[in-house]
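Please study the sequence and the model before turning to each solution.

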Amino acid sequence: MEALELHWRPQRRHRDGASPLSGTLHLAQAQSNRGAGGRKKDFPDAERLVKRLVAQELTLSFVPDAEQRLWRTVMRRKYQITRSRVQLHNRLEALLEEAHIKVSSVVSDLLGISARRMLQALADGETDPAALAVLAAPRLRATSEQLCDAFQASPTLHPVYRRLGSVLSLVEK
């Protein structure tokens, strides 16, 4: 619709009896305004559509103005980004549970600063649960004992899990 609006120049004919709709661009719903089957006949189809428009029998689509379409696009993208972030969070949590690392039970946000630091160190090869617990921010509610218990499986963590964890934890918040 935007491409048509850029090039459409409504030129109403300045004559007696010209309809206020003349020169206006309309978007009709194709399925409800279909003509009879057979060969394509552009001019008779156009005449039929104009007659239906004048008789107010044509089913028109709602076309919001350009600003509203822009805001719809922005909100659609925001929703998609949020959905992708939630999917990533769920994948990371599933990967950690599969590796028997229970950090999601003591850290509220796996993509938060403390969790990112600890997961990045884990991905870089750190195996000591106490060293991982030290990386937590002081504001984190979990104690170092709880964090050490959550990272208890880190010494035996397979390198494949380390690699996958580093890929998933690189996504920015």
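**Exercise 1: The nonpolar core**

The largest nonpolar core has 21 residues, and those with the most contacts inside it are L96, I101, V103, L122, L147 and F151. The model is predicted, so local features need pLDDT of at least 70 and side-chain atom pairs count only at pLDDT 80 or more, while totals for chains, interfaces and linings use all residues. Residues are numbered from 1 along each chain as its sequence is written, and side-chain values use heavy atoms, with hydrogens and water left out.

Task: State which helix gives the most to this core.

Solution. Step 1: A nonpolar core is a set of buried Ala, Val, Leu, Ile, Met, Phe, Trp, Tyr and Cys residues joined through side-chain atoms within 4.5 Å. Step 2: At least two residues of this core come from each of α3, α4 (113–123) and α5 (129–134). Step 3: The greatest contribution is that of α4, with 5 residues. Helices here are DSSP runs (H or I, at least four residues), numbered from the N terminus.

**Exercise 2: A residue in a loop**

Task: Determine whether L157 is buried or exposed, and list its contacts beyond four places in sequence.

Solution. Step 1: L157 is found in the loop between α6 (144–150) and α7 (159–169). Step 2: Buried means under 20% relative accessible area, exposed over 50%, and partly exposed in between (1.4 Å probe, protein chains only). Step 3: L157 counts as buried because its relative accessibility is 10%. Step 4: With neighbours within four places set aside, L157 is in contact (heavy atoms within 4.5 Å) with A99, I101, L122 and R162. Step 6: L122 in turn touches I101, L132, F151, S154, L157 and R162, not counting residues up to four places away.

**Exercise 3: The span of a helix**

Task: Compare the span of α2 with the expected value.

Solution. Step 1: Helix α2 covers residues 42–54, which is 13 residues. Step 2: The expected span is 1.5 Å times one less than the number of residues. Step 3: From first to last C-alpha, α2 reaches 18 Å, close to the 18 Å expected. Step 4: Just after α2, Q56 takes a positive phi of about 60°.

**Exercise 4: The chain as a whole**

Task: Give the number of helices and strands.

Solution. The protein chain has 7 helices and 0 strands (E, at least two residues). Of its 173 residues, 23% count as buried.
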